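Please consult the sequence and structure below while reading.

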Amino acid sequence: MDFSPLWLRWQPLPDPPGYLRGIAASVKTVQGRAALRELREGFTAFAGIEPAILSVSDGCCLSVAETDDPGESFTLRRNGDGLSLSGSGRGLIYGAFTLLRSLACGESFPEVETAPRYPLRMLDHWDNPDGS
């Protein structure tokens with residue numbers, strides 16, 4: 001059994017949303033590029049085709065914009081027939097996984113605006129660091 005995807009077990013969607021066909025991206029950091037890579041992999045698995053990478057949004061795709069905001073904030077919104085994800089590089093990672101998780105769980109689209117109070121989000125793992 002291959003455990004490499006861990007909890008990221010993307011399955012094809014029976015009726016994938018149209019915005020999975022393309023991503024218009026403006027990212028500049030390694031975190032922003034990582035978020036874009038995760039979105040491409042997830043969209044490919046959900047829709048069965050790799051999304052086109054666009055230089056300008058066509059209004060029917062996911063538009064990703066990296067901001068200079070500090071911390072891990074992001075905003076995820078509907079934008080006509082498409083979606084808009086914006087935030088800091090680290091925030092884009094959280095936003096990407098928020099969107100991918102909602103698609104994988106069959107949930108309706110989450111409109112989210114989040115700005116953590118602390119500079120770094122806390123992880124809630126069930127495994128102890130010492131392996132016990």
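Is Arg40 buried, partly exposed or exposed? Arg40 counts as partly exposed, at 29% relative accessibility; buried means under 20% relative accessible area, exposed over 50%, and partly exposed in between (1.4 Å probe, protein chains only).

The model is predicted: local features need pLDDT of at least 70 and side-chain atom pairs count only at pLDDT 80 or more, whereas totals for chains, interfaces and linings use all residues. Residues are numbered from 1 along each chain as its sequence is written, and side-chain values use heavy atoms, with hydrogens and water left out.

**Salt bridges**
- A salt bridge requires a side-chain nitrogen of Lys or Arg within 4 Å of a carboxyl oxygen of Asp or Glu; four salt bridges are counted by this rule.
- Side chains of opposite charge can pair when their charged atoms come close.

**Arg40 and Glu50**
- The closest N and O atoms of this salt bridge are 2.2 Å apart.
- Arg40 lies in helix 1 and Glu50 in the loop between helix 1 and strand 2 (52-54), ten residues apart; helices (H or I, at least four residues) and strands (E, at least two) are DSSP runs, numbered from the N terminus.

**Lys28 and Asp68**
- These side chains meet in a salt bridge at 3.2 Å, N to O.
- The pair links distant parts of the chain, 40 residues apart.
- Lys28 is partly exposed at 48% relative accessibility, while Asp68 is exposed at 66%.

**Arg90 and Glu72**
- The closest N and O atoms of this salt bridge are 3.6 Å apart.
- Arg90 belongs to helix 2 (residues 89-104), and Glu72 to the loop between strand 3 and strand 4.
- Arg90 is partly exposed at 32% relative accessible area, whereas Glu72 is buried at 5%.
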